[in-house]
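The following note sets out numbered points for a colleague who wishes to examine the model. Please read each point with the coordinates open.

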Amino acid sequence: MREDQQQFMRVLNQVPARLTAEQAAWVLNCQPHDVPILVAVRLLKPLGNPPPNSVKFFAASELLE
């Protein structure tokens, strides 16, 4: 695990409300390129209704469940 991932995981006691795809992958213990696949099969749902080529954010509460 990289140092920035370790720092992010240390502050999980107070998780931000929304996470980027990369941060969501860290929480789920998968690679960032796996997140679009999880979205496509509807295992993850981004917040709102973002356009296909935009940055997607995910609710931390749903990821931690």
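1. Burial classes. Residues are called buried under 20% relative accessible area, exposed over 50% and partly exposed in between, with a 1.4 Å probe and protein chains only. Proline 36 is exposed because its relative accessible area is 52%. This proline lies in helix α3, and its C-alpha atom is 8.4 Å from that of alanine 21, 15 residues apart along the chain.

2. Basis of the note. This is a predicted model, in which local features need pLDDT of at least 70 and side-chain atom pairs count only at pLDDT 80 or more, whereas totals for chains, interfaces and linings use all residues. Residues are numbered from 1 along each chain as its sequence is written, and side-chain values use heavy atoms, with hydrogens and water left out.

3. Confidence. pLDDT is the predictor's confidence in each residue, on a scale from 0 to 100. Its mean for the protein is 86, and 86% of the residues reach 70 or more. Among the elements, the lowest mean pLDDT, 71, belongs to helix α1 (residues 3–10), and the highest, 95, to strand β2 (residues 57–59).

4. Secondary structure. Elements are DSSP runs numbered from the N terminus: helices are H or I with at least four residues, strands E with at least two. On this basis the protein has 4 helices and 2 strands, and their order along the sequence is α-β-α-α-β-α.

5. Of the 65 residues in the protein, 22% are buried. The protein exposes about 4,900 Å², with 53% of this supplied by carbon and sulfur atoms; the areas come from the Shrake-Rupley method with a 1.4 Å probe, and for residues only the protein chains shown count as cover. A contact means heavy atoms within 4.5 Å. Of the contacts in the protein with a separation of 6 or more, 41% join residues 24 or more positions apart.

6. Nonpolar core. A nonpolar core is a set of buried Ala, Val, Leu, Ile, Met, Phe, Trp, Tyr and Cys residues joined through side-chain atoms within 4.5 Å. The largest one has 11 residues: Phe8, Leu19, Ala24, Ala25, Trp26, Val27, Val35, Leu44, Phe58, Ala60 and Leu63. Helices α2 (21–28) and α4 (60–64) each supply at least two residues of this core. The greatest contribution, 4 residues, is that of α2. The buried residues of α2 are Ala24, Ala25, Trp26 and Val27.

7. Leucine 19. Leaving aside residues up to four places away in sequence, leucine 19 touches Phe8, Ala24, Val27, Lys56, Phe57, Phe58, Ala60 and Leu63. The C-alpha atoms of leucine 19 and alanine 60 are 6.2 Å apart, although 41 residues separate the two along the chain.

8. Alanine 25 and proline 32. With residues up to four places away in sequence again excluded, alanine 25 touches Cys30, Gln31, Pro32 and Val35. Proline 32 is found in the loop between α2 and α3 (35–40) and is partly exposed, at 35% relative accessibility. Under that exclusion, proline 32 touches Glu22 and Ala25. The C-alpha atoms of proline 32 and glutamate 22, 10 residues apart along the chain, are separated by 5.1 Å.

9. Positive phi values. Which residue follows α2 with a positive phi? Asparagine 29 does, with phi near 60 degrees, although asparagine 29 is not a glycine. Asparagine 29 lies in the loop between α2 and α3 and counts as exposed, at 67% relative accessibility. Arginine 42, likewise a residue other than glycine, has a positive phi near 65 degrees. Arginine 42 is placed in the loop between α3 and β2 and counts as exposed, at 75% relative accessibility.

10. Rings and charges. Rings of Phe, Tyr and Trp (its six-membered ring) pair if their centres lie within 6.5 Å; planes under 30 degrees apart count as stacked, over 60 as edge-to-face and the rest as tilted. The count of aromatic pairs by this rule is 0. A charge sits over a ring if NZ of Lys or CZ of Arg is within 6 Å of the ring centre and within 35 degrees of the ring normal. The charged end of arginine 18 sits over the ring of phenylalanine 57, at 4.0 Å from the centre of that ring.
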